[in-house]
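Here are a few notes to read alongside the model. Please keep the viewer open as you go through the points.

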Amino acid sequence: MRFSTKAIHVGQEPDRATGAVTVPIYMTSTYSQRAQKEWVYGRTGNPTRAALETNLAALEEGKHGLCFSSGMGAITTALTLLTKGDHVVVTDDCYGGVYRIFTRIMSRYGIESTFVDMTDLVSVEDAIRGETRMIWAETPTNPLMKIVDLKEIAAIAKAHDAIGVCDNTFASPYLQQPLAMGMDIVVHSMTKYLGGHADILGGALVMRRDDLFEKVHFAQNALGAVPSPFDCWLVLRGVKTLAVRMEKHCDNAEALATFLSNHSKIAKVFYPGLPHHPGFTIAKRQMRRPGGMLSFVLKDSAQAMHVLQRLEVLTLAESLGGVETLIEHPASMTHASVPRDEREARGMTDGLVRLSVGIEDVEDLVDDLGHALG
Ligand SMILES: *Cc1c(COP(=O)(O)O)cnc(C)c1O
C-alpha cells in the first residue's frame with residue numbers, strides 16, 4: 001500500500017458491529033470485564049487511540065506507534081529511556097521546549113546534554129562520550145531550516161550504541177521517514193501537520209524495535225500523558241488529507257521562498273528548496289519535497305515586529321503545520337526561552353522571521369507580505 005491509501009485505511013477497517021466507515025470516538029474511561037479482557041482502563045488503552053497508533057506506525061514505516069497528550073508529553077516519555085548519569089547529544093537549533101526540558105529539567109535528574117550543530121558530523125562525533133546513550137536530531141531544524149543527514153546520524157548512533165531519535169514534526173511522514181534511514185525512534189508533535197487544522201494538541205512516538213517499544217509503552221501508562229479519544233479522532237481525520245495538504249504547503253512555500261528571495265527588504269531566506277541553501281542536496285535525497293516551513297531575515301531588523309503587525313491574511317502566532325499561514329518572530333516568541341547570547345550565536349537574530357506556510361491561495365499570501373514589507 002502507498003502513503004495516502006495507508007493514511008486513509010490502516011487501523012480504520014469498518015466497524016465490525018455497525019459497519020461505520022469512520023472509527024467511532026470511544027468516550028469511556030473504563031471497560032466492562034465480563035465479556036472481554038482486551039480493554040481495561042482508558043489511560044492504558046482506548047480503541048480510537050489504538051486506531052491512530054496503528055495508522056501512524058504504518059505512515060512512518062514503523063512497527064509500533066504510541067500517542068500522547070502533546071508533543072512534549074511524547075518527548076518526556078521518550079526521555080524515560082535514559083537513566084541518571086546518561087548523556088545526550090542534541091541538535092543545537094532545536095525546538096525551544098526541547099532545549100528547555102534538557103537544560104532545566106533533565107539536568108536535575110543527572111542527565112547531561114550537549115548541543116551541537118548536526119550539519120557538522122565531526123562535531124557530533126566529538127560530542128560523544130562513554131555515557132552517551134541517545135542522539136536527538138531534528139530536521140529541518142527550527143527556526144533556521146538546517147538539514148541534518150539522518151543516515152549519517154543513524155550510523156553514528158549505531159556505532160556508539162546510542163538510541164537515534166528524530167523529531168519529524170517539521171517534515172511529517174509524507175516528506176521524510178527517519179526509521180527507514182536507520183533512526184530508532186520518530187517523535188511528532190501531532191499538534192502540527194498530522195492534526196493539520198490548529199485545533200488539537202497531541203504527540204506521538206513511532207519505532208520498529210520491540211525492546212524500545214516495551215519500555216516506552218510501559219512509561220506511557222505509568223506517566224499518563226495520554227490524549228483524549230476525541231483528539232485522536234481529529235488527528236485520524238487530519239491524517240487522511242496529509243498528502244494533499246503537504247503538496248500544497250510545499251507549492252506555496254516554494255513560491256513564497258522565491259518571492260522573498262527577490263525582495264529588496266529581505267537579506268536572506270532559509271528554505272531547503274533553494275539551491276543556495278547548504279542542505280539543498282541532502283534535503284533532495286532524504287525528503288520527498290522541501291516542506292512548508294521557511295524563515296527569512298529582514299535587512300532592517302528593528303522593523304520585524306512592525307512588518308508582522310501590518311499583515312492581514314497571515315496570522316501572527318506561534319505553532320505551525322495548520323492550513324492557515326502563521327508568521328512569528330523567534331527572538332521574542334518561540335525561542336524567547338533560549339538566552340540571548342546563545343540565540344544570537346546560533347543565528348537567531350532579531351531580524352529573523354519564521355513562516356509556517358498554509359494552503360491558502362498563494363497570490364493572497366504574496367500580496368499580503370508584499371504590502372506589509374512596503
Ligand atoms: C511543537 C513542537 C514540539 C512540541 O509539541 P507540543 O504539541 O506543542 O507539545 C516538539 N517538537 C517540534 C519540532 C515542534 O514543532
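**Notes on the domains, core and rings**

1. Between them, domain 1 and domain 2 bury about 3200 Å², with 62% of it on carbon and sulfur atoms; buried area here is the accessible area (1.4 Å probe) that two parts lose on being put together, summed over both. In domain 1, the residues that lose the most area to domain 2 are Y174, L175 and Y193, together 24% of what that side buries. Please bear in mind that this is a predicted model, in which local features need pLDDT of at least 70 and side-chain atom pairs count only at pLDDT 80 or more, while totals for chains, interfaces and linings use all residues. Residues are numbered from 1 along each chain as its sequence is written, and side-chain values use heavy atoms, with hydrogens and water left out.

2. Domain 1 covers 3–240 and domain 2 covers 242–373, with bounds from an automatic or database domain assignment. Their centres, taken over C-alpha atoms, are separated by 25 Å. Across the boundary, 38 residues of domain 1 are in contact with 41 residues of domain 2 (contact means heavy atoms within 4.5 Å).

3. F3 and Y174 form an edge-to-face aromatic pair, 5.2 Å centre to centre with 65° between the planes. Rings of Phe, Tyr and Trp (its six-membered ring) pair if their centres lie within 6.5 Å; planes under 30 degrees apart count as stacked, over 60 as edge-to-face and the rest as tilted. Because F3 lies in helix α1 (residues 3–9) and Y174 in helix α7 (residues 172–175), the pair ties together parts that are 171 residues apart in sequence. Helices (H or I, at least four residues) and strands (E, at least two) are DSSP runs, numbered from the N terminus. Both F3 and Y174 are buried (under 20% relative accessible area; exposed is over 50%, partly exposed in between; 1.4 Å probe, protein chains only).

4. What sits over the ring of Y174? The charged end of R288 does, 3.9 Å from the ring centre; the criterion is NZ of Lys or CZ of Arg within 6 Å of the ring centre and within 35 degrees of the ring normal.

5. The largest nonpolar core has 42 residues, of which L52, L56 and M190 touch the most other members. Such a core is a set of buried Ala, Val, Leu, Ile, Met, Phe, Trp, Tyr and Cys residues joined through side-chain atoms within 4.5 Å. Helix α9 gives the most to this core, with six residues. The core draws at least three residues from each of domain 1 and domain 2. Apart from it lies another core, of 29 residues, including L79 and V165.

6. Is C67 buried or exposed? With 0% relative accessibility, C67 counts as buried, and this residue belongs to strand β1 (residues 64–68). Leaving aside residues up to four places away in sequence, C67 touches several residues, among them L52, L56, M190 and Q220. The C-alpha atoms of C67 and Q220 are 8.5 Å apart, although 153 residues separate the two along the chain.

7. Helix α4 is worth checking too. I105 is found in helix α4 and counts as partly exposed, at 37% relative accessibility. The C-alpha atoms of I105 and T76, 29 residues apart along the chain, are separated by 10.0 Å.
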